[in-house]
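Thanks, everyone. I'll walk you through one structure, a piece at a time. Please keep the picture in view while I talk.

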Amino acid sequence: MKIVVPIMPKSIADVEAIDVERLEDADLIEWRADVLPKEDILTVAPAVFEKFLGREIIFTIRTRQEGGNINLTDQEYVALIKEVAALYQPEFIDFEYYSHQAVFEQMLDFPNLVLSYHNFQETPENFMEIMSELTSLSPAVVKMAVMPRTEQDVLDVMNYTRGFKTLNAAQSYATMSMGDLGKLSRLSGRLTGSCWTFASLDEASAPGQISLGTMKKFLEELED
């Protein structure tokens, strides 16, 4: 399981101030561009991709309806993603499938999509149906992040992930239960088949993220 660390710079100066040595233990960098006004994303993009030249980057615009910081129309969302993707070729492109399904066809030329679903209120009863539909589209990664209300919700997410990975060995999954209750799910990829876990450096991008240093130690212990 690889460790993803989100960065959320709010200016070019913030990008320049990032100490890349502190991110040496991260396998991938997720650039959360949604902390910027939409008109600033393309201005800051060159600094981000230059800063992390040679590193694998996930480009993400997390919209408010899925727990992010920006409101965009479908066309604004897809246009920004396509422009950044064309200019900088990030290794992965996050696409909020259910929030922007109307423009999904415009992304079919991109083989490196992370089709994502986020629910900060609950672990939905149709979790498996959502996971199945995203799997049927054969993205690079299916990402599912949900909020547990009970311990059973956490165990269900882990069990569903293992089941889907067993049946769809070629498909990559990144699944997690959020919040303190769900922390175990962030450590269990070796058992469940989840390919990524998200850790924080200074500022968590989602509830329940474990710090990079602690995550590295846990995974080394669990995966020896």
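Let's start with a ring. Phe95 has a relative accessibility of 0%, so Phe95 counts as buried. Before going on, a caution: this is a predicted model.

Now, which residue pairs with Phe95? Under the distance rule used here, there are 12 aromatic pairs. One of them joins Tyr77 and Phe95. The two ring centres are 5.5 Å apart, with 55° between the planes, and that makes the pair tilted. Tyr77 sits in helix 3 and Phe95 in strand 4, so this contact ties together parts 18 residues apart in sequence. Is Tyr77 buried or exposed? Tyr77 is buried, because its relative accessible area is 0%.

Next pair. Take Tyr98 and Tyr117. Their ring centres are 6.0 Å apart and their planes meet at 85°, so this pair is edge-to-face. Tyr98 belongs to the loop between strand 4 and strand 5, while Tyr117 is in strand 5, so parts 19 residues apart in sequence are tied together. Look at accessibility here. Tyr98 is at 27%, so Tyr98 counts as partly exposed. Tyr117 is at 11%, and the cut-off for buried is under 20%, so Tyr117 counts as buried.

Tyr77, Phe95, Tyr97, Tyr98, Phe104 and Tyr117 form one aromatic cluster.

Tyr117 has brought us to strand 5, so follow that strand to its neighbour. Strand 5 covers residues 113-119, and it pairs with strand 6 in the parallel sense over 6 bridges. Which residue of strand 6 is the bridge partner of Ser116? The partner is Lys143.

Now strand 6 itself, residues 141-146. How many of its residues are buried? The count is 6 of 6, so strand 6 is largely enclosed by the rest of the structure. Its side chains go two ways. Val141, Lys143 and Ala145 point one way, and Val142, Met144 and Val146 point the other. Every one of these residues is buried.

Where does its charged end sit? It sits over the ring of Phe198, 4.4 Å from the ring centre.

On to the connections. Strand 5, helix 4 and strand 6 make a right-handed β-α-β unit. Helix 4 here is residues 127-136. Strand 6 also pairs with strand 7, residues 172-177, again in the parallel sense over 6 bridges. In that pairing, Ala145 stands opposite Met176 of strand 7. From strand 6 the chain crosses through helix 5, residues 151-167, to strand 7, and this β-α-β crossover is right-handed too.

Let's stay with helix 5. Which residues of helix 5 are buried? They are Asp153, Val154, Val157, Met158, Thr161 and Phe164. An α-helix has 3.6 residues a turn, so residues three or four places apart point the same way. On the other side of helix 5, Glu151, Thr166 and Leu167 are exposed.

Last stop: the loops. Two residues here have a positive phi without being glycine. Gln89 has a phi of about 45°. Its place is in the loop between helix 3 and strand 4. Gln89 is exposed, with a relative accessible area of 52%. Ser138 has a phi near 50°. Ser138 is in the loop between helix 4 and strand 6. Ser138 is exposed as well, with a relative accessible area of 56%.

Then there is Gly54, in the loop between helix 2 and strand 3. Its relative accessible area is 79%, so Gly54 is exposed. How far is Gly54 from Ala170, C-alpha to C-alpha? The two atoms are separated by 26 Å, and the residues are 116 apart along the chain.

Technical notes: Residues numbered from 1 in each chain as written. Predicted model: local features only at pLDDT ≥ 70, side-chain atom pairs only at ≥ 80, totals over all residues. Heavy atoms only, no water. Buried < 20%, exposed > 50% of the residue type's maximum accessible area, 1.4 Å probe, protein only. Helix = DSSP H or I, 4+ residues; strand = E, 2+ residues; numbered from the N terminus. Pairing = 2+ DSSP bridges. Right-handed = clockwise from strand over helix to strand, strands pointing away. Phe/Tyr/Trp six-rings, centres within 6.5 Å; stacked < 30°, edge-to-face > 60°. Lys NZ or Arg CZ within 6 Å of the ring centre and 35° of its normal.
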